[in-house]
Amino acid sequence: MHGLTFNGTVQSIDHQNHRLSLAPLKPGEPVVFLWGDSTKFWKHGEPIRPKSLEPTWPVPVHYHTSSGQLTAHHVYVQPPYPVLH
């Protein structure tokens, strides 16, 4: 089963309550995701800690909804420029 994907940019991170607020790519209200111990954060294919996230970074989030809450499974930091190998 595939979850849903939301593309946005990091607006704020609440580490105490495990809440990640993302601004949508189109103008609109920010969307808040919860994360848990099983949520994975990635940058350039490498696992990172949530504390490494920076505001304005573009991130697609794979998530599911449960009881009106959005829970992130995977957060992928997208480099804003092409990665040269």
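**Entry 1: ground rules**

I number residues from 1 along each chain as its sequence is written. In this predicted model, local features need pLDDT of at least 70, side-chain atom pairs count only at pLDDT 80 or more, totals for chains, interfaces and linings use all residues, and side-chain values use heavy atoms, with hydrogens and water left out.

I looked up the confidence next. pLDDT is the predictor's confidence in each residue, from 0 to 100. The chain averages 90, and 89% of the residues score at least 70. Among the elements of the chain, β3 has the highest mean pLDDT (97) and β6 the lowest (94). Strands here are DSSP runs of E with at least two residues, numbered from the N terminus.

**Entry 2: aromatic rings**

How many aromatic pairs does a search of the whole structure find? I get 3. Rings of Phe, Tyr and Trp (its six-membered ring) pair if their centres lie within 6.5 Å; planes under 30 degrees apart count as stacked, over 60 as edge-to-face and the rest as tilted.

I took Phe6 and Phe33 first. Their ring centres are 5.5 Å apart and their planes stand at 50 degrees, so this pair is tilted. Phe6 sits in strand β1 (residues 4–14) and Phe33 in strand β3 (residues 31–34), so I checked the spacing: the pair links distant parts of the chain, 27 residues apart. Ring pairs also bring in Tyr63, giving a cluster of Phe6, Phe33 and Tyr63.

Phe6 has 15% relative accessibility and counts as buried. Phe33 has 0% and is buried too.

Then I looked at Trp35 and Phe41. Their ring centres lie 5.6 Å apart with planes at 85 degrees, so the pair is edge-to-face. Trp35 is buried at 9% relative accessibility. Phe41 is buried at 4%.

**Entry 3: the core**

A nonpolar core is a set of buried Ala, Val, Leu, Ile, Met, Phe, Trp, Tyr and Cys residues joined through side-chain atoms within 4.5 Å. The largest one has 16 residues. Which of them touch the most other members? I noted Leu20, Leu22, Phe33, Val59, Val61 and Val75. β1, β2 (19–24), β3, β6 (58–66) and β7 (69–77) each supply at least two residues of this core. The largest share, 4 residues, comes from β7.

Contact means heavy atoms within 4.5 Å. Beyond its neighbours within four places in sequence, Val75 is in contact with several residues, including Leu20, Phe41, Trp42 and Val59.

**Entry 4: strand pairing**

Two strands pair if DSSP finds at least two bridges between them. I found β1 and β6 paired antiparallel over 6 bridges. Asn7 has Pro60 in β6 as its bridge partner. β1 and β2 also run antiparallel, joined by 6 bridges. Here Val10 is partnered with Leu22 in β2. The hairpin of β1 and β2 has 4 residues between the strands.

**Entry 5: two histidines**

Most residues other than glycine have a negative phi. I looked for exceptions. His18 has a positive phi of about 55 degrees. His18 lies in the loop between β1 and β2. His18 is partly exposed at 29%.

His44 also has a positive phi of about 55 degrees. Where is His44? I find His44 in the loop between β4 (40–43) and β5 (46–48). His44 is partly exposed at 44% relative accessibility.

Technical notes. Buried < 20%, exposed > 50% of the residue type's maximum accessible area, 1.4 Å probe, protein only.
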